[in-house]
Amino acid sequence: MFIATQRTSMSTIIYEVLDYASGLTDAHGNLIVQGNGVTGFLGTLTYAVRSVIDKFGADLHPGDIVITNDPYSGGGTHLSDVTLAMPIFHKGQLVAFAANKAHWTEVGGMAPGSWTTDSTDVWQEGIQFPCIKLYIKGEVVPGLIDMIRANVRTPDMSIGDMNAQAASLRLAELRYIELCERYGVETVLHGVESLLDYGEELTRQALKRIPRGVYEAVDYVDDDGIDPGPFEMRVKVTVTDDEFICDFTGTHAQVAGPINSGRTGLESAVRVLFKALTDPQIPANEGCFRPLRVICPDGTMATASRPAPTSTYWEVMEFGADLVWKALAPYVPERLTMGHFLSVCGTVISGKHPDTGELFILVEPQVGGWGAAVGRDGENAMFCIGDGETYVIPVEVCETRYGVMVDQFALNNADGGAGRYRGGRGVFRDYRITADEAIVTGTFGRHKFLPWGMKNGQQGSRNYMEMFHADGSSKVFGKVARYKLKRGEVARMATGTGGGYGDPMSRPVEEVERDVRNEYISADQAEREYGVLIDPRTGRGERRRSALNARSSFAPTTSSAREAAYEPRGGGSIRQSDKVDAILSIIRGETSAAAVALRFGVERATVDGWISQFIQAGEGAISPPSGGANEVSELRAMLRQLSEEVSTLRRSIKP
């Protein structure tokens with residue numbers, strides 16, 4: 001099924017990126033097997049098939065194919081992800097379903113490419129397929145094809161992708177019936193039940209290796225494309241002898257912008273982390289997820305209801321996975337890395353092709369840096385957890401099919417991610433516009449709230465887009481919709497570094513030397529982040545700073561008790577200890593005042609005031625003593641030396 005879809009589809013987002021998933025369920029909608037592709041679709045096929053069963057019941061026949069993309073039920077995510085499901089019959093008996101979910105480049109709506117960052121309801125995002133029959137007893141419904149053709153900008157491409165999906169379902173039907181003929185239908189059905197039970201058994205055995213307890217985490221989604229945010233998400237994970245319960249109660253209500261996710265997206269995200277925590281080698285089937293329970297009230301931004309916009313749902317969905325990850329990472333560090341760049345970093349570039357004059361729509365995700373792990377550095381230039389086994393569009397294909405030139409595709413060695421084991425690097429991908437004009441849409445989450453580190457490992461760096469204009473000016477965005485660029489101007493996609501693990505000062509000098517030699521970090525970063533001075537002639541390094549200059553505990557931790565005190569809007573509930581940690585991080589050059597302001601949801605001037613108060617307090621503490629006690633004199637001398645050091649460092653604070 002998977003290969004058939006790739007070979008016969010018409011969109012690069014499918015045949016190059018592999019932004020789709022295919023699989024089989026039993027007659028009740030329980031997942032039997034799912035192919036590679038988008039990890040975040042793990043579970044969506046189950047719910048899509050169950051919606052077909054609920055709606056049509058006995059009114060299903062050989063050759064029927066149902067189409068759905070409802071974001072709020074039936075396995076939906078956003079309208080661009082279209083699912084086709086087909087019942088499989090053997091001698092009149094319903095024995096299974098085949099399902100295929102793929103991202104169509106175009107489903108209509110207010111913007112080329114259909115998903116955007118500024119939609120405010122679902123009707124702006126494209127055509128909706130409310131679980132309806134596309135084929136009836138093997139015959140396509142011509143009126144539905146006409147409706148698709150009239151509502152999408154690239155009808156041949158969208159209908160071609162639809163036909164590729166339908167072909168994969170028919171192939172599944174053929175192969176499944178062959179199994180029933182060869183082994184007998186009872187044997188096949190018994191084999192399916194045994195497979196699900198075996199998946200459950202292996203998963204429960206793996207679950208026993210996770211420490212029993214209650215684990216919590218909280219984090220903030222930057223914004224929603226309409227309102228500035230941030231928006232809080234939280235989880236409480238309860239691990240018992242026979243259940244893994246994830247409770248997202250307290251997550252922010254659904255929002256005005258399109259980052260909302262339906263419940264299916266949340267369920268699928270948690271399934272991904274549950275699979276990673278137990279045993280990723282067990283073939284994915286419904287039995288593996290019997291011990292899993294996901295709780296979240298209706299109407300949150302992770303369980304949105306109609307007509308909330310959902311076109312960039314992954315910004316919330318991915319946080320669902322990341323929160324469970326963050327809560328458990330300190331307790332099973334051998335299974336989970338530190339925080340990664342997280343966002344799909346979805347990109348749309350559209351315009352009229354300079355050679356043909358026809359509309360082109362480039363739609364793709366970007367790769368970025370993954371967090372470090374116990375015993376190894378993070379992976380460079382990998383897709384986020386939700387994208388899984390997907391790929392970038394090759395440079396040659398981009399330049400041939402679309403009105404762009406790729407000026408660079410290179411690792412991004414931005415500050416961040418330092419540690420005993422360092423975070424993996426993100427990338428720069430620069431698109432120079434060759435059309436007369438093009439528009440760029442993108443959503444790069446983790447633009448404000450950075451990938452988390454542990455054990456004094458640094459936070460990673462941010463994701464962003466930067467638009468370079470002919471007059472030399474540029475603008476930086478986390479989210480942007482339909483931004484206009486002219487011929488020769490450049491859209492840069494920059495993805496972040498993953499979080500670090502462990503004290504950077506404990507990284508061996510020879511590993512820092514190797515990082516500089518391989519251009520993962522610069523010589524300046526080696527000195528600033530690891531205290532290692534690199535000789536430019538020999539490339540040899542010498543550690544010159546002590547561990548006192550290592551990154552402070554202001555880097556995000558997995559302690560929910562600590563982070564629960566953060567209030568994202570206003571500074572009234574910020575703990576004094578957290579404020580001091582932040583000030584020290586700024587003074588040491590490990591973060592900026594602007595980043596701290598975003599972290600706590602306060603004005604930049606407020607953070608500047610904290611720093612001034614800190615310095616004044618230090619100066620007051622070293623005023624001439626009234627007494628002559630030797631101990632007091634020595635203490636004041638130490639404080640004076642510290643104050644002078646702090647003042648020197650403060651003058652070099654980054655803006």
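Which residues does Trp-610 touch, not counting residues up to four places away in sequence?

## Trp-610 and its surroundings

In this predicted model, Trp-610 touches Ile-574, Lys-579, Ile-583, Val-596, Phe-600 and Val-602, with residues up to four places away in sequence left out of the count. Trp-610 itself is part of helix 15, which covers residues 604-621.

Trp-610 counts as buried because its relative accessibility is 7%, and the cut-off for buried is under 20%. Ala-582 is 28 residues from Trp-610 along the chain, and the C-alpha atoms of the two are 9.5 Å apart.

An open sheet is made of five strands, in the order 14-15-20-17-18, with antiparallel pairing. Its edge strands, which pair on one side only, are strand 14 (404-412) and strand 18 (474-477). From one strand to the next, the twist averages 15°.

Within the sheet, strand 17 (residues 464-468) and strand 20 (residues 490-494) run antiparallel and are joined by five bridges. Tyr-464 has Ala-494 in strand 20 as its bridge partner. In general, strands of a sheet pair through backbone hydrogen bonds, in either a parallel or an antiparallel way.

## The largest pocket

The largest pocket holds about 1200 Å³ of space. It is lined by 38 residues, and those closest to its centre are Thr-39, Val-272, Pro-280, Gly-388 and Glu-389.

By type, the lining of the largest pocket consists of 22 nonpolar, 10 polar and six charged residues. Strand 2 (31-34) and helix 7 (263-277) each contribute at least two residues to this lining. Helix 7 gives the most, with four residues.

Note on methods. Residues are numbered from 1 along each chain as its sequence is written. This is a predicted model: local features need pLDDT of at least 70, side-chain atom pairs count only at pLDDT 80 or more; totals for chains, interfaces and linings use all residues. Side-chain values use heavy atoms; hydrogens and water are left out. Two strands pair if DSSP finds at least two bridges between them. Axes are lines fitted to C-alpha atoms, for helices over the stretch in contact, and angles run from 0 to 180 degrees between N-to-C directions. Buried means under 20% relative accessible area, exposed over 50%, partly exposed in between (1.4 Å probe, protein chains only). Contact means heavy atoms within 4.5 Å. On a 1 Å grid over the protein atoms alone, a cavity is a set of points where a 1.4 Å probe fits but cannot get out, and a pocket is an open set with protein on both sides within 12 Å along at least five of seven lines; lining residues have an atom within 4 Å of a point. Grid points are joined across faces, edges and corners, and a volume is the space filled by probe spheres set on the points. Ala, Val, Leu, Ile, Met, Phe, Trp, Tyr, Cys and Pro count as nonpolar, Asp, Glu, Lys and Arg as charged, and the others, Gly among them, as polar.
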